[in-house]
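Hello,

Here is the structure we talked about handing over. Please have a look before reading on; my notes follow below.

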Amino acid sequence: MIPLRLGYLPLIDAAPLIVAHELGFAAEEGLQLELVRLGAWAQSRDMLGAGLIDAAHMLVPIPIGQALGLGPSLPALDLVMFLSHGGQAVAVSRAIERQLRTDGHGFDFADARRAGLALRRAVAGRLRVGVPFMFSTQVELIHHWLTACGFTPADLQIKTVPPPMMADALAANEIDAFCVGEPWASFAVERGIAALLLPGPAIWSAPPEKGLVLRHDFVEERPELTGALMRALWRAGRWLDEPDRRGTAAEIVSRPDYLDLPSELAERGLRGLLLISPGGETRDVPGFLAFNAGAASFPWKSLAALFAAKIATRQGLGAEPAMRNAMARFRTDLYRQHLRPAGAALPGASLRVEGAIAEDRVVPAERGQMILRADGFFDGFVFEPPAPEPSTN
Amino acid sequence: MKKLLIVVVEPDPDRAQSIADGLGEAGEHDIRIIAEQTSLARRVAELRPDVVLIDIANPSRDILEELALASGPSERPVAMFVDRSDEQLTRSAIEAGISAYVVDGLRPDRLKPIIDAAIARFHMLQQLRAELAATRAALEDRKIVDRAKAVLMKARGIGEDEAYALLRKTAMDQGKRIGEIAQQLVTAAGLLGR
């Protein structure tokens with residue numbers, strides 16, 4: 001058994017790592033995982049950079065921020081597969097909830113445009129929104145959604161708040177709303193502090209949320225170990241996406257060693273059955289959190305380009321070089337090489353127009369056919385990536 | 001030479017004081033402690049420190065990251081991390097469990113003694129924390145073993161030494177710690193209402 005240290009933050013989408021360890025998918029690949037619970041995303045990035053952990057469950061945009069030179073100088077980080085899509089929820093304070101209800105908003109938890117326009121009417125001045133990290137899918141969801149619903153960038157103050165502190169920050173009136181990965185939105189509802197307004201996938205059907213990130217030199221020098229880890233996590237993701245597994249998964253991830261919270265809380269996000277207000281309304285969100293279904297784990301280079309273009313524009317950097325640098329960090333080549341033997345469906349190309357699939361669709365694969373998840377944005381936004389370079393596969 | 005303003009972000013007052021003491025050995029500096037996690041961004045922005053030191057695992061680090069990214073050259077409260085040219089120092093700091101945010105342009109020869117002192121102090125605190133955890137676990141074990149012995153003595157009418165021997169034998173047979181066996185016994189006894 002080869003020991004491997006994996007870092008994760010306590011969120012329900014750390015489930016593939018925990019399940020790979022607890023249910024033996026890692027052991028089948030000859031790996032002895034040591035799961036290290038971390039307190040901050042910056043800690044995960046730094047420990048990975050310094051080689052104190054071998055791999056990390058990480059917000060998808062973090063390696064892109066590094067590739068754009070926006071972080072500390074650490075060795076290059078590669079994202080080799082996505083671990084999850086979705087799992088985020090937007091929540092508002094009880095005061096805003098009351099205003100929205102007075103205005104007749106029904107909290108359908110589905111229509112992003114209606115919710116965004118209602119929020120625009122309900123909030124007089126600036127809206128302060130908490131996000132877990134400045135490089136996160138949450139930042140992109142909030143920006144995209146609210147600027148498409150009448151908020152100007154000047155109307156928005158996006159503030160970093162560590163997920164376990166979201167509820168307190170809302171209670172202390174430091175923020176008016178937040179977007180965070182589960183279970184931390186449900187945690188705020190449970191404490192009577194917040195109401196859920198939208199699930200992340202209502203804004204963008206398949207927002208990539210966490211990735212498996214390793215050091216570039218590690219994946220190059222230790223291909224067998226990298227492949228073994230990818231296959232173990234891919235199988236754990238497939239297990240998690242089988243029907244009726246999510247309750248068991250909630251029990252496992254909630255243990256004191258991992259999330260250390262009541263399993264009922266983790267179960268809401270894992271099942272996509274969310275209690276949206278302290279008043280007791282529940283909403284069913286099919287596909288709220290996907291690990292493996294519809295080739296969710298394939299790290300499209302076009303998604304690297306999309307995140308890079310958005311981050312670069314906000315930071316005043318050139319979009320073109322940013323997209324090139326980011327695409328080089330998404331290792332579709334390693335995904336093909338290491339997951340082909342496991343039987344993963346492989347798309348014919350590694351770039352595509354993002355946001356163009358309105359419904360789950362059958363497409364030609366490297367061999368035969370495969371189903372791709374719907375990935376549309378609520379406002380019909382599509383993103384055309386730069387043309388692939390000759391060497392890109 | 002102008003004194004540097006160093007902010008230590010640490011909720012535990014004893015740890016904070018210990019770190020401040022350690023930094024005092026690195027020269028004459030103005031050291032402030034921020035214990036409160038809320039409003040951290042505002043406090044740091046107001047103080048405009050030269051160096052911020054914080055535990056690598058402190059979730060509030062991610063707030064400082066935002067501040068570091070947002071700081072333009074004109075405001076620059078805190079730039080990124082320890083000096084980019086000194087990878088070894090960066091690595092030593094990360095290993096010691098410390099992260100540092102440093103104002104842009106601070107000379108490496110002024111920074112190094114501070115980081116070195118912080119690293120030394122963090123190592124010491126890490127050791128203390130590990131020792132404390134071990135002592136606490138041992139104490140917990142002893143308490144639970146005492147209760148388990150009492151259960152056995154009452155239930156089987158045996159003496160203290162015999163009860164302990166029984167616990168030890170069971171633990172060895174099952175390849176577990178005595179503390180674990182004692183915990184199971186006490187839990188079971190509780191369920192059975194004994």
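**Aromatic contacts**

Ring pairs join A:Trp204, A:Phe307, A:Phe377 and A:Phe381 into a cluster. Bear in mind that this is a predicted model. Over all chains, the count is nine aromatic pairs.

Take A:Phe82 and A:Phe330. Their ring centres lie 5.9 Å apart and their planes stand at 80°, over the 60 degrees required, so the pair is edge-to-face. The pair connects distant parts of the chain, 248 residues apart. A:Phe82 is in strand β4 (residues 77-86) of chain A. A:Phe330 is in the loop between α16 (319-329) and α17 (332-339) of chain A. A:Phe82 has a relative accessible area of 1%, and buried means under 20%, so A:Phe82 is buried. A:Phe330 is at 0% relative accessibility and counts as buried.

Next, A:Trp204 and A:Phe377, two members of the cluster. Here the ring centres are 4.6 Å apart and the planes are at 15°, so this pair is stacked.

**Charges over rings**

A:Lys310 lies over the face of A:Phe381, 4.6 Å from the ring centre. A:Phe381 is also part of the cluster. Elsewhere, A:Arg120 has its charged end over the ring of A:Phe151, at 4.1 Å from the centre.

**Chain A against chain B**

The contact draws 27 residues from chain A and 21 residues from chain B. About 2,000 Å² is buried between the two chains. Carbon and sulfur atoms give 62% of that area. Which three residues supply more of chain A's buried area than any other three? They are A:Ser73, A:Met134 and A:Thr160, with 21% of what chain A buries against chain B.

There are two salt bridges between chain A and chain B. One of them pairs the side chains of B:Glu65 and A:Arg45, at 2.8 Å from N to O.

**Domains of chain B**

The domain assignment of chain B gives domain 1 (4-131) and domain 2 (136-191). The C-alpha centres of these two domains lie 46 Å apart.

Best wishes

How values were computed
Residues are numbered from 1 along each chain as its sequence is written. Chains are lettered from A and ligands numbered from 1 in the order in which they are written. This is a predicted model: local features need pLDDT of at least 70, side-chain atom pairs count only at pLDDT 80 or more; totals for chains, interfaces and linings use all residues. Side-chain values use heavy atoms; hydrogens and water are left out. Domain bounds come from an automatic or database domain assignment. Rings of Phe, Tyr and Trp (its six-membered ring) pair if their centres lie within 6.5 Å; planes under 30 degrees apart count as stacked, over 60 as edge-to-face and the rest as tilted. Helices (H or I, at least four residues) and strands (E, at least two) are DSSP runs, numbered from the N terminus. Buried means under 20% relative accessible area, exposed over 50%, partly exposed in between (1.4 Å probe, protein chains only). A charge sits over a ring if NZ of Lys or CZ of Arg is within 6 Å of the ring centre and within 35 degrees of the ring normal. Contact means heavy atoms within 4.5 Å. Buried area is the accessible area (1.4 Å probe) that two parts lose on being put together, summed over both. A salt bridge is a side-chain nitrogen of Lys or Arg within 4 Å of a carboxyl oxygen of Asp or Glu.
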